[in-house]
Amino acid sequence: MKKDRLNVYFDPSLSPELDALAARRKVSKSQIVEAALASYLSPDAADKREAAITRRLDRLTRAVERLERDVTIGNEAVALFVRFWLTTTPPLPDTMRDAAQAKGRERYEGFVETLGRRLAKGSTLTKEISEDIAGFRSEQ
């Protein structure tokens, strides 16, 4: 088959990448450029790109929806705890305030340490809640 010769100019940084791809695939640089140009000029190339972009956007949308759900659960859990704590904890007399603050700092440090361990392990409240709900449903 007769082929037309064409001289083209492109960014010099692409040349090593083209060389490496040709070596990896064991084809000529001309074959790679020809295939890329054919793909670019193909009438369905735009449809394929749009479909790929749509799939990626759908995947990102689902990920953002999961994040939104998890943040909502976290916010509600914290709000519920704070409301419970504020309504059930009586104020301390002034004579006990220093000891209570020291104990509070100690407990907070323990909390942060425990949180760090759980996060390092990959354990999350969302997973535990899901497992608890699944276990509760199976018991019924």
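Biologist: Before we dig in, what needs pLDDT of at least 70 here?

Modeller: This is a predicted model, where side-chain atom pairs count only at pLDDT 80 or more, totals for chains, interfaces and linings use all residues, and what needs pLDDT of at least 70 is local features. Residues are numbered from 1 along each chain as its sequence is written, and side-chain values use heavy atoms, with hydrogens and water left out.

Biologist: Okay, how do helix α1 and helix α2 sit: roughly parallel or roughly perpendicular to each other?

Modeller: Helices here are DSSP runs (H or I, at least four residues; strands are E, at least two), numbered from the N terminus. Helix α1 covers residues 14–25 and helix α2 covers residues 29–41, and they pack at about 105° with their axes 9 Å apart. The axes are lines fitted to C-alpha atoms, for helices over the stretch in contact, and angles run from 0 to 180 degrees between N-to-C directions. Under 35 degrees counts as roughly parallel, over 145 as roughly antiparallel, 65 to 115 as roughly perpendicular and the rest as oblique, so α1 and α2 are roughly perpendicular.

Biologist: Which residues of α2 make that contact?

Modeller: Contact means heavy atoms within 4.5 Å. On the α1 side we find Leu18, Asp19, Leu21 and Ala22, and their partners in α2 are Lys29, Ile32 and Val33.

Biologist: And by class, how many nonpolar residues does the contact of α1 with α2 have?

Modeller: Ala, Val, Leu, Ile, Met, Phe, Trp, Tyr, Cys and Pro count as nonpolar, Asp, Glu, Lys and Arg as charged, and the others, Gly among them, as polar. Sorted that way, the contact of α1 with α2 has 2 charged residues, no polar ones, and a nonpolar count of 5.

Biologist: Let's zoom in on Ala22: is it buried or exposed?

Modeller: Ala22 is found in helix α1. Leaving aside neighbours within four places in sequence, Ala22 is in contact with Val27, Ser28, Lys29 and Ile32. Buried means under 20% relative accessible area, exposed over 50% and partly exposed in between (1.4 Å probe, protein chains only). Ala22 has 7%, so Ala22 is buried.

Biologist: What about Lys26, what is its phi?

Modeller: Lys26 is found in the loop between α1 and α2. Its relative accessible area is 76%, so Lys26 is exposed. Lys26 is not a glycine, yet its phi is positive, at about 60°.

Biologist: On to rings: which residue forms an aromatic pair with Tyr108?

Modeller: Rings of Phe, Tyr and Trp (its six-membered ring) pair if their centres lie within 6.5 Å; planes under 30 degrees apart count as stacked, over 60 as edge-to-face and the rest as tilted. By this rule the count comes to 1 aromatic pair. That pair is tilted, with 6.2 Å centre to centre and 35° between the planes, and the partner of Tyr108 is Phe111.

Biologist: Why are Tyr108 and Phe111 separated by about one helical turn?

Modeller: Both belong to helix α4, which spans residues 97–121. Tyr108 itself counts as exposed, at 53% relative accessibility.

Biologist: How many salt bridges does a search of the whole structure find?

Modeller: A salt bridge is a side-chain nitrogen of Lys or Arg within 4 Å of a carboxyl oxygen of Asp or Glu. One of them joins Asp4 and Lys2 (3.8 Å, N to O), with Asp4 exposed at 71% and Lys2 exposed at 72%. Searching the whole structure gives a count of 8.

Biologist: Which residue forms a salt bridge with Lys48?

Modeller: Lys48 counts as exposed, at 56% relative accessibility. The closest N and O atoms are 3.7 Å apart, and the partner is Asp44.

Biologist: How far apart are the closest N and O atoms of Glu113 and Arg117?

Modeller: Glu113 and Arg117 are 4 residues apart in helix α4, so about one helical turn separates them. Glu113 counts as exposed at 53%, while Arg117 counts as partly exposed at 47%. They form a salt bridge, and the closest N and O atoms are apart by 3.2 Å.
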